[in-house]
Amino acid sequence: TGASLPPSVMTTTWNNEITLYLNGKKVTAQNVDPETKLVQFLRDSQYVTSPKQGCNQGVCGACTVMVSAYEPSTQKITHRAVNSCLTPLASVNHTAITTVEGLGNTRTGLHPIQERFAKAHASQCGFCTPGIVMAFYALLRSNPKLTTQNIIDTIDGNLCRCTGYRPIVDAMKSFATQGGCCGAGSCADCPANKTKSEADSQSGCCLGLSGLKALDLTTLDSELIFPPNLKNPAPALHLKGPYSEWYSPTTLASLFEIKKNNPQSVIVGGTTTGFHGKNNSHVYIYPAGIPEFNQISFTSSSLKIGAAVTLGALYDFLLAQSSLTPNSSFDALRQHIPNIANTQLRNQIAIGSLVASNEWHSDFTPFITATKSIVTVLTQDGTTKKTFEFPSLALNQGDVILDLTIPASSPKTFIRNYKQSKRNSTSRSVVGGTISVTLGEDGKVQDIAIVYTSVNAIRAKSATAAQDFIRGKPWTPEILPGVVEKLTADYSSDVGTLQESSYKLVLVHSIFYMFFESSFAFFTGKTDEFPIPKFPVSVGSQTYQTHENPIVYQGVQHLSGDLHTTGEAEYTDDIELPPHTLHAALALATKTHAKILSIDDTKAKAAPGVRGIFYGKDLPNKTGTGMTFDDPVFAIDEIIFWGQPIAIVVADTYQQAKNAANLIEVKVEELPAIVTIQEAIKAESYHKTGLIPFPDLYERGDVAKGFQESEVIVEGSYSLPALEHYYMEPHCTLVIPQERDELLIYSTAQSTCLLYTSDAADDLL
């Protein structure tokens, strides 16, 4: 369908200065590189080091900060936790940024949330702590009346490798108005053992915390205020860097003028589509400042969502609606959004980007496919609207998604979303999907939609054979054998091309069975045996032996706990660099096993800022790394594992070094690779005895006798799957030359002794 829009007229005045407030202070930056991420700006330009660069993928949450902005459509100030490692600096123009440095410190006093984290033993190494504090601070600013369920839901975007999360949850439970106190009277300071006035004056006592600072977020007397001038509309922004340009238009007219002049331009839609910072000479357009892209309208017949609305904003909107019918399309969406990505990512991912990307593993695509949602597209000339029933979306060059309309489901419709993944959040589905069934008055299936994601490497796919089989039949258990047969026909060829193929097909069958049982219970008024799972609120406690020694037998606060929660604890990558410091990046192998034929670093040497490129042949000691200290520092003639260092590039900045490292061209001849334990045993390619500095065999007692006297002997084997080493603190080393040819080395290595004695270290001396 077509509809006329006002002709585009270019009347915009573009500004090239970013203005924001950082921890209450106004900060401006001109002519910023459009590809600058917020975390880089904070750490490198503002020397605010509490946001840590961990995964750089939006998974660990160590870089979390709070972004506060004024929403003209609701006339409210929002406070949202975001991953600063994925946030383009230009996207937070005209906002207020808060890090833990803006809450409190050890000199002037800790903020109540920092104090409770420290007293509840909620940090160990402390690297993740500032990000976790900010995730929960944003929650408190948005919702002062917390429940314990709010706390559990919010921790989904932060990883902690040390604490096990219980003390983190305990610290936040002390703020909860519901579920924060057990009320059992088992603690000496429990309100159950006190008068009402005493209990009301105390906070968090059931968790063993006493003498805590009060926190009243309803008055905001002690909190940073939102700068009033940020309530004014943000000016249009234009930045130009060496590789890309950035536009933040404020009107549809200016957006389409940009599209007209830059047909290859990319709409930035959060973390899914658009900005990736990969130096591909892009023109980026950020439409979040255009009112038409930020509207949410809700009626009894439909829910219309602007393309720039984030999943987090949509979820908050749905939570505020009290009239959502259980098991309806809108209720199903509200239940499903927490299973997509995590809190920080949902606060950044725009609806338009989810629709445009239509990725094969998307947890959102099955829902809008099953509900026959409508996508509104503005054509490249900016004068015509087109609508598509998803998934039949056809975008031409220059087209822009304006909004998404989700129709209401009928009272005789049951719809549910499913996600089977390795963990509940921040994890792709092994198999996920949405199933919807509508019954007629005669109890027969009037309409059915079965859409699964992650079953192939292309996109979400509807079960057409199963749908055709079901339509018109009574919704009774008798249809199940036939449906399983049709589902197998629909997906067997797809899952056969992916890992876990047999498991995926079993999940396809199992998910439909669960849906059938739940929907059948809904239509017949019976109990749902497969309700929507909810991550339970954890309950835990720690006890200590009674002893006259108060140090060994009591929970003593971490000596660095205050430093962790305030961001004052300094890690290797936080050290302020001396003037003229050079930066290094590795050129890594992209083959598992190969013979190196030639290396061409001509382009790399000519790249801006490069000071030198070094190889294994340049080192006096060619080996000295690995578990047995016999691995080559750099591959010279042969690559023996994927990701093996081949060269190290030294440049004026890290980004220059990294860019140059990617320009090194390595020609290889691939060789057979051994990648499994079974292959290694067959080829006898493994260390025998004595090389690895650990015993090959552990025995305790008479093992042979134990087997002889055993009534039952169970034999078998178990294979551990491959795991990615998910470190939190980046591998980082700072080397500072000293007098008399000495070197001062700061390193993230666990063993400084091994670092000092290794042959690789000798090469530096």
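**Exercise 1. Decide whether W475 and F516 are buried or exposed in this predicted model, then classify their ring pair.**

Step 1. Start with burial. Both W475 and F516 are buried, so each has under 20% relative accessible area.

Step 2. Take the ring geometry. The centres of W475 and F516 lie 5.0 Å apart, and the planes meet at 50 degrees, so the pair is tilted.

Step 3. W475 sits in the loop between α13 (464-470) and α14 (480-495). F516 belongs to helix α15 (residues 501-524). The pair therefore ties together parts that are 41 residues apart in sequence.

Step 4. Widen the view. W475 and F516 belong to one aromatic cluster, along with F414, F512, F515, F520, F522 and F523.

**Exercise 2. Work out how the rings of W246 and Y286 are arranged, and what the pair ties together.**

Step 1. Recall the two quantities. A pair of aromatic rings is described by the distance of the centres and the angle of the planes.

Step 2. Count the pairs. The model has 16 aromatic pairs. In one of them, W246 and Y286 have ring centres 5.5 Å apart and planes at 35 degrees, so this pair is tilted.

Step 3. Locate both residues. W246 is in strand β7 (residues 245-248), while Y286 is in the loop between β9 (283-285) and β10 (296-298). The pair thus ties together parts that are 40 residues apart in sequence.

Step 4. W246 is buried, at a relative accessible area of 0%. Y286 is partly exposed, at 22%.

**Exercise 3. Find which charged residues lie over the faces of F175 and F469.**

Step 1. Look above F175. R116 lies over its face, 4.1 Å from the ring centre.

Step 2. Turn to F469. Here K473 lies over the face, at 4.2 Å from the ring centre.

**Exercise 4. Describe how α2 and α3 pack.**

Step 1. Read the geometry. The axes of α2 and α3 are 10 Å apart, at an angle of about 130 degrees. The two helices are therefore oblique to each other.

Step 2. Assign the handedness. α2 passes α3 in a right-handed crossing.

Step 3. List the contact residues. α2 supplies I113, Q114 and F117. α3 supplies T129, I132, V133, F136, Y137 and L140.

**Exercise 5. Determine how many residues of helix α5 are buried, and what covers them.**

Step 1. Count. Seven of the eight residues of α5 (residues 166-173) are buried, leaving the helix mostly covered.

Step 2. Name them. The buried residues are P167, I168, V169, D170, A171, M172 and K173.

Step 3. Identify the cover. It includes α2 (112-119), α3 (129-142) and α4 (148-154).

Key:
Residues numbered from 1 in each chain as written. Predicted model: local features only at pLDDT ≥ 70, side-chain atom pairs only at ≥ 80, totals over all residues. Heavy atoms only, no water. Buried < 20%, exposed > 50% of the residue type's maximum accessible area, 1.4 Å probe, protein only. Helix = DSSP H or I, 4+ residues; strand = E, 2+ residues; numbered from the N terminus. Contact = heavy atoms within 4.5 Å. Phe/Tyr/Trp six-rings, centres within 6.5 Å; stacked < 30°, edge-to-face > 60°. Lys NZ or Arg CZ within 6 Å of the ring centre and 35° of its normal. Axes fitted to C-alpha atoms, helices over the stretch in contact; angles between N-to-C directions. Parallel < 35°, antiparallel > 145°, perpendicular 65-115°, else oblique. Left-handed = near helix turned anticlockwise from the far one by under 90°.
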